[in-house]
Amino acid sequence: NKGCKEFAKYFVVSMEVESLIIYPIKSCSGISLPSIQLCEKGPLHDREWMIVKEEGSFVTARQKPQLLTTKLQFTEDKNFIEVSIPDKAERLYLPLDETK
């Protein structure tokens, strides 16, 4: 792109990565990581899951903002993502596929 090349002639851009976050479930909270493994389709485990209604349409945070209050974390053995909802004792465990 000519515009980008022209811009680069006059400016030196320096960037620093402050945090790395993956979002295993679309529209839910993320998991902050010290490093990310990149795969063919992007960061490993990023957006592997989504919430789908019975009729097949998916749910987004625009429709259900409370999705953003979920807490996601890897289990100690790193084989599952633990999903919790504030003020609820139940937990959901999603299996991870390391081959993706």
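In this presentation, a strand is a run of at least two residues that DSSP assigns as E, and strands are numbered from the N terminus. Please keep that in mind as we look at this structure, which is a predicted model.

Let me begin with the loop between strand β4, residues 42–43, and strand β5. His-45 lies in that loop. Is His-45 buried or exposed? The relative accessible area of His-45 is 5%. A residue is called buried when this value is under 20%, so His-45 is buried. The side chain of His-45 also has a partner: it makes a polar contact, at 2.8 Å, with the side chain of Glu-48.

Thr-60 belongs to the loop between β4 and β5 as well. Its relative accessibility is 14%, and Thr-60 therefore counts as buried. Which residues does Thr-60 touch, leaving aside those up to four places away in sequence? They are Ser-27 and Leu-67.

With a relative accessible area of 18%, Gly-42 is buried. Gly-42 and Ile-22 are separated by 20 residues in sequence, and their C-alpha atoms are 10.0 Å apart in space.

I now move on to the sheet. Three strands form an open sheet in the order β5-β6-β7, and their pairing is antiparallel. Why is one side of β5 and of β7 left without a neighbour in the sheet? The reason is that β5, residues 71–74, and β7, residues 91–95, stand at the edges, and each of them has a single partner strand. From one strand to the next, the twist averages 25°.

Let us follow the pairing of β5 with β6, the strand of residues 80–84. Four bridges join these two strands in the antiparallel sense. On the β6 side, Ser-84 is the bridge partner of Lys-71, and Glu-82 is the bridge partner of Gln-73.

Finally, how many residues lie between the strands in the hairpin of β5 and β6? There are five, and in this hairpin Lys-78 takes a positive phi near 65°.

To summarise, we have seen a buried histidine, His-45, in the loop between β4 and β5, and an open sheet of three strands with antiparallel pairing. Thank you for your attention.

Definitions and conventions
Residues are numbered from 1 along each chain as its sequence is written. This is a predicted model: local features need pLDDT of at least 70, side-chain atom pairs count only at pLDDT 80 or more; totals for chains, interfaces and linings use all residues. Side-chain values use heavy atoms; hydrogens and water are left out. Two strands pair if DSSP finds at least two bridges between them. Axes are lines fitted to C-alpha atoms, for helices over the stretch in contact, and angles run from 0 to 180 degrees between N-to-C directions. Buried means under 20% relative accessible area, exposed over 50%, partly exposed in between (1.4 Å probe, protein chains only). A polar contact is a pair of N or O atoms within 3.5 Å; within protein, one must be able to donate a hydrogen and the other to accept it, and residues adjacent in sequence count only if both atoms are side-chain atoms. Contact means heavy atoms within 4.5 Å.
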